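User: I am new to this structure. Please show me how to read its features.

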Amino acid sequence: MPTTQTTKINQLLDPTRVRIGLDETSKTAVIDALVDVLAGHEAISSLDDVRTAVFAREEKMSTGVGKGLGLPHAKAAAASDTVAAFATTEEPVDFGAVDDVPVRILLLLVGPEEHKSQHVKILGRISRLVSRASLRDRLLGAKTPETAIEALRDGEDALRS
């Protein structure tokens, strides 16, 4: 199986891994829903193991990083490659974020231990992207997975300029 060594978020996502307008209202339910998006992914050998790793990481410190962004993530032996799922929520969800702003934009990132540097780069990239109000507005206004991925692609292209 080929490995994905990109740090581009839009290259890790396809429309089947994006959910628009999740109606879950708790942090636990939102994370569960995001993990479920990875069901059937060829790089995931056990969804239960991924779920356990993501919640164990969340217990250490909230992944509500500010400005309405949640970044649940984990390194897991059940992941043979770095994979992602993206979602927006209908309503703000209390994530215990550092700035106390509820979360509506989420990126779940899971990968094997040996992809640690890639993992850190991707988390930094999404944080920089979502720090831009214009991109947050586009993501929250996206009506389809395709338009959310397009917004991320445009945002990433703008990071280089």
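User: Which residues of α2 and α3 meet?

Analyst: Contact means heavy atoms within 4.5 Å. Here K27, T28, I31, D32, V35 and D36 in α2 meet L47, V50, R51, V54, F55 and E58 in α3. By class, six are nonpolar, one is polar and five are charged. Nonpolar means Ala, Val, Leu, Ile, Met, Phe, Trp, Tyr, Cys or Pro; charged means Asp, Glu, Lys or Arg; the others, Gly among them, are polar. This model is predicted: local features need pLDDT of at least 70, side-chain atom pairs 80 or more, while totals for chains, interfaces and linings use all residues. Residues are numbered from 1 along each chain, and side-chain values use heavy atoms, without hydrogens and water.

User: How do I describe two packed helices?

Analyst: Use the angle between their axes and the distance between the axes. The axes are lines fitted to C-alpha atoms over the stretch in contact, with angles from 0 to 180 degrees between N-to-C directions. For α2 (residues 27-37) and α3 (residues 47-60), the axes come within 10 Å and cross at roughly 145°. Helices are DSSP runs of H or I, at least four residues; strands are E, at least two.

User: How many helices and strands are there?

Analyst: The protein chain has six helices and six strands. Their order is α-β-α-α-β-β-β-β-β-α-α-α.

User: What box do the C-alpha atoms fill?

Analyst: Along the principal axes, roughly 35 × 35 × 25 Å.
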